[in-house]
Amino acid sequence: MVVLKQKILIIYEFFYPAYKAGGVVQSLRNLVTLLHNDYDFYCITGGYDLNETEPLAGIALNAWNNITIDNKATINIWYDDKKNLTPSKMNGLIHSANPDIIYINGFMHIAFLMNPLLVIRFTSFKTIKTIIAPRGMLQEGAIAVKSVKKKWYLKVIQFLNLTKNIHWHITSPIETAGIRKYFTATDNQITCIGNIPRNPVDTIQQTSKREGVLSLLYASIITEKKNLLYVLQSLMHCNASIELTIYGVIKEQSYWEECLLVINQLPAHILVSYKGAYSPDQMQTIVSNSDAMILLSKGENFSHAIFEALGTGRPIISSDFTSWDNLAEKNAGWNLPLEQPILVAKKLDQLAALNVDEWLNYCSGAHQLAKAYLAKQDFRNEYVAMLDGSIHLG
């Protein structure tokens, strides 16, 4: 007897083969690869990568595409041109996919969050299990960026009661506070399961750390939330020789221009270079070429960039607004406060003074933290339990 698989419809603005929008795309790609034998996957997404005007290569716009990921998983994807993705059109697309489960990712997008929620709330789809993964977008630091616009958006969702009977998927307990601040959710409506990352390297590449010099890597989207400007402002106060290599798509051009103003004022012993976008497959290579990853973000629910740096055997310099806390106690890095650039500079000077043998201790600690994280995960069974679990639909 043939057993029909349940259909899961993923909704997010970006999906494979897009990659420039950051870790959510990688998380969803890994999820489909992990569970493709258990479910039939569909996806409604945009047909363009972040900041691109040309459609993704090898796809048909405004049509269902049968796509194979990593030569393993097959998924049906609607790549929309995003010119008219109204609630009415979204309703037709959801009807076309005919899913058993709807899995919405992100939170601050009208077409890919509010419109599907309107359809689900006011049509027969309200009886379909719906899960939202806000991906850190409801954290305090994330809401603080362009807060007036975001708070009005949240008020509309609250007024229309669009999250009634929704189940929430978070990847870190720190996301719970943001959900409960704006919406009503019981413990049974929130499931915490980590993102599915790339495996750590088997062998750490030898570090080339030089005493008195610190080579840093920033690898993330360039936005106010990711806080590159704060890193640069902190470097203004450093006395040590520091090299910062920046990788990532410039999502907010005006913010990048602010960064450039600071870069042009940095003293001669601070060297900054911008290398453009990077693909996930390049991450382990570019991390290995630096001493440490620095990401003083205003909010991260997981951060594939941080995990891959740890997994490559490089320590992390991060803020207190990520799920990677107590890094110093684990010899895996350092959590530094925001809005204190002189304190950050002092710490960077201290790190620059370390020699290669001292640095190897942190490289080993970072690698061990990544391996320990993966060792305690049971991703397949946890995700299946969330997707198959009973959710009350009143």
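Which residues does glutamine 139 touch, not counting residues up to four places away in sequence? Its contacts are Ile174, Glu175, Gly299, Glu300, Asn301 and Phe321. Welcome to this structure, which is a predicted model.

- Glutamine 139 sits in the loop that links strand 6 (129-133) with helix 4 (140-144).
- Buried means under 20% relative accessible area, and glutamine 139 has 7% relative accessibility, so it counts as buried.

**The second largest pocket**
- The second largest pocket holds about 360 Å³ of space.
- Its lining is made up of 18 residues, and those nearest the centre of the pocket are Thr171, Pro173, Ser323, Tyr373 and Lys376.
- Sorted by class, this lining has 8 nonpolar, 6 polar and 4 charged residues.

**Helix 1 against helix 13**
- Two packed helices are described by the angle between their axes and the distance between the axes.
- Here, helix 1 (residues 23-35) packs with helix 13 (residues 379-388) at about 95°, and their axes are 11 Å apart.
- Angles of 65 to 115 degrees count as roughly perpendicular, and helix 1 and helix 13 are therefore roughly perpendicular to each other.
- On the helix 1 side of the contact you will find Leu31, Leu34 and Leu35; helix 13 brings Phe379, Arg380, Tyr383, Val384 and Leu387.
- The residues of this contact divide into 7 nonpolar and 1 charged, with no polar ones.

**Backbone details to look for**
- Most residues other than glycine have a negative phi, and most peptide bonds are trans.
- Between tyrosine 16 and proline 17, however, the peptide bond is cis, with omega near 10°.
- You can find proline 17 in the loop between strand 1 (6-11) and helix 1.
- Asparagine 51 has a positive phi, near 65°, though it is a residue other than glycine.
- The loop between strand 2 (39-46) and strand 3 (64-69) is the place of asparagine 51, which is partly exposed with a relative accessible area of 44%.
- Asparagine 161 is not a glycine, yet it has a positive phi of about 55°.
- Look for asparagine 161 in the loop between helix 5 (147-159) and strand 7 (167-170); its relative accessibility is 34%, so it counts as partly exposed.

Methods. Residues are numbered from 1 along each chain as its sequence is written. This is a predicted model: local features need pLDDT of at least 70, side-chain atom pairs count only at pLDDT 80 or more; totals for chains, interfaces and linings use all residues. Side-chain values use heavy atoms; hydrogens and water are left out. On a 1 Å grid over the protein atoms alone, a cavity is a set of points where a 1.4 Å probe fits but cannot get out, and a pocket is an open set with protein on both sides within 12 Å along at least five of seven lines; lining residues have an atom within 4 Å of a point. Grid points are joined across faces, edges and corners, and a volume is the space filled by probe spheres set on the points. Ala, Val, Leu, Ile, Met, Phe, Trp, Tyr, Cys and Pro count as nonpolar, Asp, Glu, Lys and Arg as charged, and the others, Gly among them, as polar. Axes are lines fitted to C-alpha atoms, for helices over the stretch in contact, and angles run from 0 to 180 degrees between N-to-C directions. Helices (H or I, at least four residues) and strands (E, at least two) are DSSP runs, numbered from the N terminus. Angles under 35 degrees count as roughly parallel, over 145 as roughly antiparallel, 65 to 115 as roughly perpendicular and the rest as oblique. Contact means heavy atoms within 4.5 Å. Buried means under 20% relative accessible area, exposed over 50%, partly exposed in between (1.4 Å probe, protein chains only).
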